[in-house]
Amino acid sequence: MNALPDLAQADDETLQAAIAEASIPTLMNTLVHLTGDPSMIRSDIKVSPNVFADNHGGISPSDQTRIREQALPLIKAFRDNGGEPVPLDEGIIREMIQFMTGMEMESGYVDFLQSELSLDDVAAFEQPALETIDRDRLKDFSVLVIGAGMSGILTAIKLKEAGIAYSVIEKNADVGGTWFQNTYPGCRVDSPNHTYSYSFAPRDWPNYYSPQPVLLEYFQSVAKDYDIRDKIQFDTEVERAEYDVTAKCWRVTVRESGGNTKVLEANAVVSAVGQLNRPRYPDIPGMGSFKGPTFHSGEWEHQHDLSGKRVIVIGTGASAFQFTPIVAEKADSVTIFQRTPPWVAPRAEYHDEIPEGEHWLLNQLPFYDAWFRFFQFWRTSEGVLASATRDEAWNESGSISHANHMLRELLTENARRIVGEENELFGKVVPDYPPAGKRMLVDNGTWYRALTRDNVEVVTDPIARITQDGVVTESGRNVEGDVLVYGTGFQASNFMSPMQIVGRDGVEIHGRWDGEPRAYMGMTYPYYPNFFSIYGPNTNLVVNGSIIFFSECQVRYILGCIAQLLIGDQQSIEPTIEAFESHNEWIDRGNLQMAWGSPNVRSWYKNANGRVTQNWPFSLREFWEKTHAPDLQHFMLE
Ligand code: NAP
């Protein structure tokens, strides 16, 4: 990309070229912001509430042209008048938010969205005020963070900013977590990058949804820029953390790369180990007998050239749907064993690079970046939640409400358009469970098109066993292959495993859970004082949003808990049993109302008893509100 001229230097051609590549709803709100005149968003041109519409919010091509024509003189005037935006009153900003979402919403919601929009440069996730802490108290206090992936880096940065001593233990050789480990072909983020980034570290992303190397580089550079790398001990794995009741501290046993173990001490521990990094292999008879290369998507063996090979893929989840189309381009054949088809949400720009004109707008035109991020945030988070929520009166199979049914129609139409209803494949790829029952895949058609290739076959006959030559199905079909790839997901429900976490009563947490992992707010645990987790039980998002948003809420809350220890000169904090139990009852009731809680859906979100252990069933707004600060009535401080 060429160097971008700033607004004052930009000639009319530059403006015109940029406007030609603008997202129209983003451009419209930006223009209101620059001129102070809301008439443009009060016209007959409206954004569609359909969140799967394109980057122009479903605005017709002729209306797009009208807006572009109006935009050029307005931006030229703004440039020529010195580029000073007009302050807007609250009411107009609310109107702009409602215009962009295409819907009316209650005022509490608008407050939340306004904060997410962060127009006034107030940090979206304000940290607890720690200025009043006695500096001597800080000298004796330290936090040990486990993991240097997305949430561990974030925790370290926020602890450092708060002036709290910390160290980070990371099992890998570098930062990045899931983005360090998952290197399979086609790996890329499935939340828009402008929302899948820390609120305090925006980036001029090359793509709307960037590939894995770009994400890894982002986390590496943030760790470097915020100068936390020297506090990270790499190639070291935490084996056990045990609370010492007498000393009121955690003793953490770590194994270093050479095999040595040592015990570290910390006043508090934050587990930021993620969920999607320990491969889960299925339990299929004959596994291990296949004589060709065999590997898991999360441990891709790049040394094998798949050109001209007969590749067998097991699984059709978020990983397989990304690597299979690329493998199919070079392999002789790809046979995919599908147990359950995924729902696929259309996203036209999924593989697109951000064009130069839109880069210019994002970097040079005031407010365009904020409104762009906000538009992405809405379309892929709160905007989708209603269609994943059950209506008790609804009794059509395959959907759980009218909105969910409409979503089903829209996604089915997408499959019909690409695969064709007459194609036998169509019957295989349209799920019978409600949309949003599992993680929906975001795609621009690449997956369905790959499945229609002559060298690709989707087999739905269940696998009976694996042999040295391939896979035998239950109906007796023998599928031979040269390479076997497992796209079968991760050991997500085994939270924090294989670490052992021993609480103040000497009980190890997995034993206490007995297959039913639970936390209070997903972050704290009775009997485990000063122990916190990020991305713990019931903090995963299915349809609604970026997990970085959630992690920022969690780190703010955890720092709020730690602040209580330091400000109040307390030694330990843990949730009460009552708060823990009522929180979990509330979560369980909530999950039963959601598509992913439906009894006919099997997914990694549920445990062996069918309980949803992974997901937050409510809105981002509710989590954001509840994580402003810990409610001390729900905690015991000592
Ligand atoms: P996954 O979504 O759990 O998918 C595993 C697949 O393997 C499913 O299709 C599953 O079928 C199938 N499977 C498991 N055991 C099987 C068996 N015995 N026989 C046949 N099929 C079997 O795993 P994933 O694709 O690795 O994704 C995991 C999560 O990682 C995602 O939900 C997402 O949150 C995240 N992810 C994100 C991205 C991204 O773009 N950012 C990319 C990859 C992954 P069933 O559905 O029937 O169980």
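How many residues does helix H9 have, and how far does H9 reach from its first C-alpha to its last? Notes below, starting there.

1. **Ground rules.** What you have is a predicted model, where local features need pLDDT of at least 70, side-chain atom pairs count only at pLDDT 80 or more, and totals for chains, interfaces and linings use all residues. Residues are numbered from 1 along each chain as its sequence is written, and side-chain values use heavy atoms, with hydrogens and water left out.

2. **Helix H9.** H9 (residues 212-225) has 14 residues and reaches 20 Å from first C-alpha to last, close to the 20 Å expected at 1.5 Å a residue; that expected span is 1.5 Å times one less than the number of residues. Helices here are DSSP runs of H or I with at least four residues, strands are runs of E with at least two, and both are numbered from the N terminus. Buried residues in H9 include Leu215, Leu216, Tyr218 and Phe219 (buried means under 20% relative accessible area, with a 1.4 Å probe and protein chains only). The buried residues of H9 pack against H7 (150-162), H8 (178-181) and H18 (547-567), contact meaning heavy atoms within 4.5 Å. After H9 comes Asp227, with a positive phi near 55°.

3. **Helix H2.** Eleven of the twelve residues of H2 are buried, so H2 is largely enclosed by the rest of the structure. Among them are Ile24, Pro25, Asn29 and His33. Their packing partners are H1 (12-20), H3 (61-80), H4 (90-101) and H12 (368-379). Just after H2, Gly36 has a positive phi of about 80°.

4. **The ligand.** There are 26 residues around the ligand, and the closest are Arg188, Ala318, Ser319, Thr340 and Lys438; to be near, a residue needs a heavy atom within 4 Å. Now the polar contacts (pairs of N or O atoms within 3.5 Å). A ligand oxygen sits 2.8 Å from a polar backbone atom of Ala318, another listed pair puts a ligand oxygen 2.9 Å from a side-chain N or O atom of Arg339, and a polar side-chain atom of Trp604 is 3.0 Å from a ligand oxygen. Taken alone the ligand exposes 910 Å², of which the protein buries 87% (Shrake-Rupley areas, 1.4 Å probe).

5. **Gln338.** Gln338 is in the loop between strands S10 (333-337) and S11 (344-346). Gln338 counts as buried because its relative accessibility is 5%. Leaving aside residues up to four places away in sequence, Gln338 touches Thr316, Lys428, Val458, Val459 and Thr460.

Definitions and conventions:
Buried means under 20% relative accessible area, exposed over 50%, partly exposed in between (1.4 Å probe, protein chains only). A polar contact is a pair of N or O atoms within 3.5 Å; within protein, one must be able to donate a hydrogen and the other to accept it, and residues adjacent in sequence count only if both atoms are side-chain atoms.
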